[in-house]
Amino acid sequence: MDEPNTDVIQGTLDLLILKTLSLGPLHAFGIGRRIEQISGDVFKVNPGSLLTALQRLERAGWLDAEWRQTENSRRARFYTLTRAGRKRLEAEAADWTRRASAIARVLKAEG
Amino acid sequence: MSLWRQLTRGLRVLTKGAAADQDVADEVQHYLDEATAAHLARGLSPEDARRAARLECGNATVVREQVRSYGWENLIGTSLADLRYAGRQLRKSPGITAAVILILGLGVGASTSIFSAVNPILFEPLPYPHPDRLTMIWDKRGDSGRLTNFATYRALAERSRSFDALAVVKSWQPTMTGHAEPERLEGQRVSAGYFRALAVWPAIGRDFQQADDQFHGPNVVILSDRAWRRRFGGDPAVVGRQVTLDDAGFTVVGVMPRGFENVLAPDADLWAPLQYNPSLPTDGREWGHHLRMVGRLRPGASRDRARNEMDAMVPDLARMSPAGYAVSGGPPEGFLVDSLQADITADVRPALVAVLGAVMLVLVIACVNVTNLLVARGVQRRGEFAMRAALGAGRSRLIRQLLTESLLLAALGGALGLAIADAGVRVLAALSPPELPRVGAIAVDATVFVFALSITTLIGLLVGLIPALHASRSNLQAGMRESSHRTAGRHQWTRGALVVAEVALSLILLVSAGLLFHSVQRLFVISPGFDASHLLTMQVQESGRPFETPVARYRLLEQAVEAVRHVPGVEDAAFTSQLPLSGDFDTYGVRFEKDGNADSGPAFRYAVTAGYFETMRIPLRRGRLLDQHDAATTPAAIVINESFATRVFHDQDPIGQRLHVGSDLLHPERPWATVVGVVGDVKQSSLAVGEEDAFYVSATQWPFPDRLLSLVVRARGNAAALAPAIRTAIWSADKDRPIVRVATMERLVAASEARRRFALVVFATFALVGLVLAATGLYGVLSGNVSERTREIGVRSALGASRGDILALVIRQGLALTGLGVVLGLGAAVAASGAIVTLLFATSRLDPLTYAGVVALLMAVSGLACWVPAWRAACVDPSITLRAE
């Protein structure tokens with residue numbers, strides 16, 4: 001039997017990152033791990049995609065990044081959601097909900 | 001905000017690449033460390049934890065590359081890498097690189113400089129408002145136009161409705177005195193509407209008014225900006241100042257603007273009103289055909305309509321003043337109305353168009369050659385491209401790399417080309433024939449820069465594309481295999497065609513250059529009718545001081561000649577009113593007694609002092625020469641030239657025949673002049689024009705004094721070196737005489753054919769460049785071919801082919817290409833020779849000798865280009881090539 005697909009749905013990685021960071025500043029590994037945990041291991045995050053996405057979001061002004069010490073005293077780059085990022089999260093979340101419920105309705109429809 | 005971040009983050013990567021890379025590496029490392037730590041926490045051994053983390057995260061290097069490939073700066077990064085790689089590639093084959101840059105530079109440079117020179121003359125509109133409405137109007141006589149006279153102008157100006165303004169102009173060379181030293185200035189006498197016709201107004205002061213242009217009107221003058229700055233130091237209060245011109249006081253009324261370009265007389269520094277007599281006396285200058293007429297058409301009026309309207313007035317004109325037209329050779333048959341632009345460029349247009357065509361051919365040859373070299377290089381690099389494709393480079397990436405290379409080449413070639421163009425423009429302006437209009441407007445300008453840049457870029461893209469397509473179209477596997485030199489290329493076809501094109505194009509250039517060369521050669525063996533060597537000439541002007549009597553005037557001339565004759569090294573000297581082959585053009589009517597009332601048409605008039613024929617070494621055919629006994633008090637004596645004598649008198653003896661010349665034609669009651677001698681023909685207007693009628697008269701016997709005379713001096717040695725001593729001698733007799741246009745006769749003769757020589761020099765240069773390029777192209781193709789066929793040649797000689805067989809094999813291939821190019825080129829050359837036909841002299845455009853010579857030359861040069869690769873092929877050692885497999 002095939003392994004279950006654990007790829008993040010195309011175009012939703014940004015949304016997942018923004019949502020995760022809305023709970024507080026975090027570094028890349030933390031973000032990836034939290035997405036996996038909360039999703040109940042439905043999604044596995046590819047580090048290359050994650051880091052590229054973080055760079056993109058940072059350049060777009062939705063995240064701030066700075067190097068800090070972690071609790072286990074390693075140097076890590078922590079990402080924080082900015083005000084613009086929070087607005088973006090709201091917009092994207094609303095958009096996703098609208099579309100997901102539309103898909104759900106289509107799937108529920110019975111012939 | 002986000003844009004700002006894009007910019008700063010991108011710039012940071014670009015400027016502090018190492019730090020940015022370190023950040024990415026650190027972050028990836030931290031990710032791995034955390035993953036490892038997480039696995040450790042689940043109880044794996046450190047070894048297993050690291051392996052699990054690597055499995056989970058993938059290859060750290062790949063992750064780093066993935067993160068780094070994000071961002072706009074990355075595009076710049078790869079482009080820079082492409083550029084660096086391209087630079088390395090070009091350095092790796094310095095021969096081809098230098099050749100390509102040089103060829104491109106020459107092609108672009110030559111075309112840019114020629115375009116710079118030709119653009120203002122042929123294509124740019126004249127620097128006046130609505131230049132398309134400016135026209136030049138000529139009296140029509142047969143098929144050609146001639147200068148008009150004041151009477152006709154006045155009649156047209158009063159009646160014509162097609163023009164906003166009509167004006168007539170004549171040249172004027174007054175001497176300005178009163179300042180430090182006398183200076184002869186170039187100027188124009190113009191009717192009041194001249195500047196109105198051009199639609200340019202003085203920057204300071206006022207334009208001429210109708211009241212200025214009256215008979216015996218006020219002496220007023222308008223200065224050029226140049227003269228104003230030079231003579232008056234740019235004084236803004238110049239209006240109202242008095243200047244002395246030809247001993248008369250003139251009031252300055254205006255100064256033309258700085259940028260004003262006077263295309264009818266580019267050197268003119270001052271303008272004064274014409275002030276002709278409106279009552280049109282029949283013996284006055286009002287009837288002389290010496291005026292140029294310019295007109296500005298009314299908006300909406302066409303040249304054809306204006307011509308029709310004026311043609312319809314001809315009968316009116318004839319009725320209006322029959323007497324005046326009778327003495328001036330009849331009313332015009334009609335009028336020619338040309339656009340001013342076409343008119344002033346008419347003489348030089350054929351030469352310039354031909355030169356433009358030649359430079360385009362050179363550019364095309366250059367492009368073909370560069371393409372050829374790059375194709376050859378692309379073929380050599382097939383293996384490299386196949387390898388890169390096999391390693392994962394996409395097709396678009398390969399094309400991008402190749403385009404980068406060719407654009408880099410094009411940029412380098414373009415830079416060299418602009419440098420060459422800059423130098424070329426200077427050389428062209430210096431070389432240009434004196435009659436070239438608007439020389440002052442020639443410069444490398446912005447338009448030309450854009451032109452050069454765009455052709456360079458276009459060439460870059462064009463030549464870049466062909467190898468790129470070649471490389472990417474080819475099957476990779478085949479490419480890898482071919483890189484081991486085993487099979488002969490099939491792409492020979494393209495390169496062969498390119499060589500054929502090059503040969504054909506250079507043949508066109510060579511034929512044109514050959515025809516021009518023949519013409520110039522034939523021209524310069526023609527004798528001008530006098531001995532031009534060791535002759536120094538200069539124009540000496542009268543100072544403007546009034547003379548009490550003509551005798552006093554003549555005595556001063558005699559004193560000047562005497563003083564010159566005493567200069568050491570001077571053999572003889574004399575004055576003449578006009579000088580052969582110098583651009584002088586001075587004709588008068590002649591009527592022989594035997595012909596009754598029929599004129600013999602205009603003939604060149606030379607008013608000379610005694611010793612002129614001896615100084616020029618013009619041979620005497622019959623009778624006697626003029627000498628100091630032909631004075632104002634003795635009966636008028638005339639010497640005519642041989643062709644004139646033959647034409648008028650056939651086998652009859654012309655000596656003793658009587659005639660009237662010049663203004664005497666209007667006064668039949670005046671005493672006759674007598675023909676006392678016949679001398680050899682002299683070329684006056686051009687070496688190419690023969691058998692012009694001419695008559696000579698002693699300066700003392702000519703009724704009007706010539707205020708501008710040419711001094712001819714025969715030297716024993718170097719004529720040019722005598723100039724300062726002669727000037728001093730003249731000034732010792734009369735210190736106020738301005739002396740201008742000092743030149744040896746040989747220089748004048750050469751300059752009289754400057755247009756043909758100019759075209760010849762340009763064509764010869766281009767033909768040479770074309771020939772060298774074609775030979776290089778042929779050589780390149782053949783040597784590439786030989787190196788690709790080394791194995792085949794080895795097999796052939798192993799099977800018994802002799803050295804001669806191999807030589808013949810390669811040379812046959814080269815000559816076949818040349819032959820095909822020659823056949824195609826001959827057809828094109830015949831067609832192209834039509835463009836230079838007006839520049840040829842005594843040479844048919846189909847001159848078989850030229851064509852045969854050019855074909856022989858091309859064959860010889862291409863034979864040479866074939867010989868080297870053929871010899872290399874013949875030296876192939878079969879045992880080595882066969883073992884090499």
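Predicted model: local features only at pLDDT ≥ 70, side-chain atom pairs only at ≥ 80, totals over all residues.
**View 1. Where chain A meets chain B.** Let's start with the two chains touching. Chain A puts 16 residues into the contact, and chain B puts in 19. On the chain A side, the elements giving two or more residues are α2 (28–38), α3 (47–59) and β3 (75–81). The largest share of that side belongs to α3(A), with seven residues. Sorted by kind, the chain A residues that touch chain B come out as seven nonpolar, five polar and four charged.

**View 2. Helix α3(A) packs with helix α4(B).** Here we zoom in on a pair of helices from the two chains. The partner in chain B is α4, covering residues 60–68. The helices pack at an angle of about 25 degrees, and their axes are 9 Å apart. Angles under 35 degrees count as roughly parallel, so α3(A) and α4(B) are roughly parallel to each other. As for handedness, α3(A) makes a right-handed crossing with α4(B). From α3(A), look for P47(A), G48(A), L51(A), T52(A) and Q55(A); from α4(B), look for V62(B), V63(B), Q66(B) and V67(B). Together, the residues of this contact are five nonpolar and four polar, with no charged ones.

**View 3. A three-stranded open sheet in chain A.** Now we stay within chain A. The strands of this sheet run in the order β1-β3-β2, and the pairing is antiparallel. At the edges sit β1 (26–27) and β2 (63–69), each pairing on one side only. Two bridges join β1(A) to β3(A) in the antiparallel sense. To find your way, spot L26(A), which stands opposite Y79(A) of β3(A). Helix α1 of chain A (residues 13–21) packs on the sheet and touches β1, β2 and β3. The direction of α1 makes about 95 degrees with that of β3(A).

**View 4. Strand β19(B) is largely enclosed by the rest of the structure.** Over to chain B for a buried strand. This one covers residues 637–641, and five of its five residues are buried, so β19(B) is largely enclosed. A637(B), V639(B) and N641(B) point one way, while I638(B) and I640(B) point the other way. What are its partners in chain B? One is β21 (residues 673–679), which pairs with β19(B) in the parallel sense over five bridges. Across that pairing, I640(B) has V678(B) as its bridge partner. Another is β22 (residues 694–698), paired with β19(B) in the antiparallel sense over three bridges. There, I638(B) is the bridge partner of V697(B).

**View 5. H534(B) has a positive phi.** H534(B) is not a glycine, yet its phi is about 60 degrees. You'll find H534(B) in the loop between α19 (492–524) and β14 (535–541) of chain B. Is H534(B) buried or exposed? It has 20 C-beta neighbours inside 10 Å, so H534(B) counts as buried.

**View 6. L581(B) also has a positive phi.** Here is another loop residue in chain B. Phi is near 55 degrees for L581(B), which is a residue other than glycine. The loop holding L581(B) lies between β15 (570–576) and β16 (587–592) of chain B. With 22 C-beta neighbours inside 10 Å, L581(B) counts as buried.

Methods. Residues numbered from 1 in each chain as written. Chains lettered and ligands numbered in written order. Contact = placed C-beta atoms within 7 Å. Helix = DSSP H or I, 4+ residues; strand = E, 2+ residues; numbered from the N terminus. Nonpolar A, V, L, I, M, F, W, Y, C, P; charged D, E, K, R; others polar. Axes fitted to C-alpha atoms, helices over the stretch in contact; angles between N-to-C directions. Parallel < 35°, antiparallel > 145°, perpendicular 65-115°, else oblique. Left-handed = near helix turned anticlockwise from the far one by under 90°. Buried ≥ 20, exposed ≤ 12 C-beta atoms within 10 Å, placed from the backbone. Pairing = 2+ DSSP bridges.
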